[in-house]
Every structure is written in structure tokens, then in C-alpha cells.
There are 2 protein chains.
Amino acid sequence: MSRDAEATKARLLEAATDEFAAHGIAGARVDRISAVARVNKSMIYAYFGGKDALFDAVMNAHVTRLLDSVPFTPADLPGYAGRLFDYLLANPHQLRLATWYRLERPVTGIPTEVRTSLFDKSAAIAQAQRAGILPSTLTAEDLLVFLLGLVTAWLPSSPNAVPNVAADQLAEHRGAVVVAVRLLVHSGP
Amino acid sequence: MSRDAEATKARLLEAATDEFAAHGIAGARVDRISAVARVNKSMIYAYFGGKDALFDAVMNAHVTRLLDSVPFTPADLPGYAGRLFDYLLANPHQLRLATWYRLERPVTGIPTEVRTSLFDKSAAIAQAQRAGILPSTLTAEDLLVFLLGLVTAWLPSSPNAVPNVAADQLAEHRGAVVVAVRLLVHSGP
């Protein structure tokens, strides 16, 4: 692909990310994406095949970057939780895109990359449990899903959080997230 | 209000609940709501004032029912978590409506009733902490938001959960939710 074509695709992906994060899949308008990217609408179809496929491309790019940026450390789940919290706070589109996905695609429910990543992480936790590094109070799957629940509980697209919490106040809850995950993996009586 | 008017409003609210839960606020169509409720569209405006106000009415009804159905028990947070999990599993619209609300109204972020309820619950937890019934490892606010994060982590509109988990399989995670909350409120070393 030519350098021009790469730049055009990158501009489309960037504009699409903002549009999908703000309005979701059904609410996103291809017209707005092409206007912001200053690219003819027909190029969206030429490069990506359509709105749904463009959303998939945006999700894939985000998931890949997240997985590359926050390595999973089963022997240090509290540390992983803190780093994931930092990443999601710095990249608010990530969780909004994932949440739209869950609401608007209830049948498929989750991208393949995420599914694979959850499966691999769950397997790594199970291995750490067999090795005695982590307690077996909870199953590996429960422990992983609860860790993610704790990490995302305070973040803006969570249905639980107190509203209008400013970003700097959110950061104050990072320590509590780490403590909460530590309590989960503490092999108490 | 006459009995007929009450019945009409009730039919509209029921149809609106399904429509908003499925499509969100922007995605909901007043035409579909009036068709399903077999009520002229003008009555939506007469009774509720418009689509946004109709959404508010649906949210209010759901929040009120939830708060009435699942009493808060600060001295038994694991038990509360289990009962809230049961309720949300039996009433899947509740969490979808709350999630759409968070995504589509990022500024207001949360209905007044929910805000008040979170504030009251947080105050009750703080009181239990002062009385020594609950540990003070986490602040009352963190403890409440993490409890909600754990309760919702497995549920279908969570961005975290493994996809396509059937309802009977979800129920299997109830015990783990209760254990996880118990670990959070365990006053360990």
C-alpha cells in the first residue's frame, strides 16, 4: 500500500475512533467520519468495506495496543490492575468502545482477540494457582473477571460510578484498586 | 388520571423499556414504541413530553423498583451483593438502561435517585466502619463502588465478561461474587 493510502487509512481510523466512542455503532455517521478525516466517503467502503467493518478495525487496533501496552503479570495481579487502570484512564475511548460493543452486539459480545486474551490470562492464573503462587479461593476465570470489574468500577463508562468525577480525582482511586485486588488474592483463613 | 389513561401510560412505559434497553436513547424510535404500545405517538408527547423525558420515566421506574426490591444491608455486604446479583440477572434491562445512560449522557452521568442512593449507602458503610462492623482498609465510597463492580462484572452488559454465557451459567458465579465481596470486607492483616 502506498504511503498516501496508509495516511488516508490512518486519518479514517482516527476520525472513526472519535465517532464510534462518542456515538456507538448504530449512532456513528459515516458522513461525519469522512468529513473529519477529509476523505471521500467512498474510500471508507474501498478500504474497510463499510461501517461495521470500520468499527471492527477500530476495535482491533485498540485491543492490540492495549494488550501490547499492559503486559499481564499473573504473579503480580495487584500491579497489573494498577497498570491497566492507568492505561484505561489515559485512553478513555478504549472502555467506551468495549461498552458499546457489548450493548450493540449482544450475540457475538466480544472481539476474538479479547476472547483469546481472556482465555490465555485465565490459563496463566490457573497455572499460578497450581504452582501455589495464587490462592484457589476463586476459580481462575472468576478471579480474572473480578479483577477487571474492580479496575473498571470507577471509570466513566461503568454503570456504577459516581458521576462527574474529574480525571485527577479518578487517579486517586488507583491505590484503592490495587488494595482491592490484593485483598482478592490474599489467601486468608 | 383515569383508569384508561393509567393503562395507556403503563403500556407506553413497557414498550419504551424494551425499546430503550435494546437501542439506547439516541437509537430508540418513538414510532416503534407507539406501534408496540398501540398508542398514538402524540400521546407520548402529551404524557411524557418527548423521547428524553420518556427515557427518564423508564429509568426512574426501574431505579425505584430496584431500590425497593433489594434493601441495603451494610452489616452484611456479601449478602447484599448476592441479592443484587440475583435481581440484576432476573432483570437484565436494568443494567443495559444504566449503561446506555452512562454512555449517552456523560455529563449528567447518573440519575438523581441513583446518586442519592449511592450517597446514602456510602454514608451507611462509613457508619458501620466507625462502629467497627466493617474494616476501614478501603474508604466507604471505594468499598461501595468495588462491590458494584464485582456484582456487575459477570453480567452481560459489562465490558469485561466472557461472551455468550448462558443465564444458568451466570447464576453459577453468584457464589463467587459473594466470596469476593467477603474477601473485600475481611479485615485481614
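**Helices, loops and a core**

Guide: The buried residues of α7(B) are covered by elements that include α4 and α8 (140–152) of chain B, where helices are DSSP runs of H or I with at least four residues and strands are runs of E with at least two, numbered from the N terminus. A residue is buried if 20 or more other C-beta atoms lie within 10 Å of its own, exposed if 12 or fewer do, and partly exposed in between, with the C-beta atoms placed from the backbone. Two residues are in contact if their C-beta atoms, placed from the backbone, lie within 7 Å. This is a predicted model, in which local features need pLDDT of at least 70 and side-chain atom pairs count only at pLDDT 80 or more, while totals for chains, interfaces and linings use all residues. Residues are numbered from 1 along each chain as its sequence is written, and chains are lettered from A and ligands numbered from 1 in the order in which they are written.

Visitor: OK, so which residues of α7(B) are buried?

Guide: They are Val114(B), Lys121(B), Ile125(B) and Ala128(B). Looking down the axis of α7(B), these buried residues fall within an arc of 60 degrees, so they line one face of the helix; the arc is that of the directions from the helix axis to the C-beta atoms.

Visitor: And what does the face turned away from the buried side carry?

Guide: That face of α7(B) carries the exposed residues Thr112(B), Thr116(B), Asp120(B) and Arg130(B). Just after α7(B) comes Gly132(B), which takes a positive phi of about 80 degrees.

Visitor: How many residues does α7(B) have, and how far does it reach?

Guide: α7(B) has 19 residues and reaches 27 Å from its first C-alpha to its last, close to the 27 Å expected at 1.5 Å a residue; the expected span is 1.5 Å times one less than the number of residues.

Visitor: Let's switch to α4 of chain B: which of its residues are buried?

Guide: In α4(B) the buried residues are Leu54(B), Phe55(B), Val58(B), Met59(B), His62(B) and Val63(B). They cover an arc of only 170 degrees around the axis, which puts them on the same side of α4(B), whereas Thr64(B) and Asp68(B) are exposed on the other side.

Visitor: What covers that buried side?

Guide: The cover over the buried residues of α4(B) includes α1 (3–27), α3 (41–48), α6 (92–104) and α7 (112–130) of chain B.

Visitor: Now chain A, please. How many helices and strands?

Guide: Chain A comes to 10 helices and zero strands, and its C-alpha trace spans about 65 × 35 × 30 Å along the principal axes. Of its 189 residues, 40% count as buried.

Visitor: What domains does the assignment give for chain A?

Guide: It gives domain 1 (1–51) and domain 2 (70–184), with the bounds coming from an automatic or database domain assignment. The C-alpha centres of these two domains of chain A lie 29 Å apart, and six residues of domain 1 are in contact with five residues of domain 2. On the side of domain 1 of chain A that touches domain 2, the residues divide into four nonpolar, two polar and no charged, where Ala, Val, Leu, Ile, Met, Phe, Trp, Tyr, Cys and Pro count as nonpolar, Asp, Glu, Lys and Arg as charged, and the others, Gly among them, as polar.

Visitor: Where does Arg38(A) lie, and is it buried or exposed?

Guide: Arg38(A) lies in the loop between α2 (30–37) and α3 (41–48) of chain A. With 10 C-beta neighbours inside 10 Å, Arg38(A) counts as exposed, and Arg38(A) has a positive phi of about 50 degrees although it is not a glycine.

Visitor: Last one: which residues have the most contacts inside the largest nonpolar core?

Guide: Those are Ala81(A), Leu150(A), Ala81(B) and Leu150(B), in a core of 104 residues. A nonpolar core is a set of buried Ala, Val, Leu, Ile, Met, Phe, Trp, Tyr and Cys residues joined through C-beta atoms within 7 Å. Not counting residues up to four places away in sequence, Leu150(B) touches Phe146(A), Gly149(A), Leu150(A), Ala81(B), Val177(B), Ala180(B) and Val181(B).
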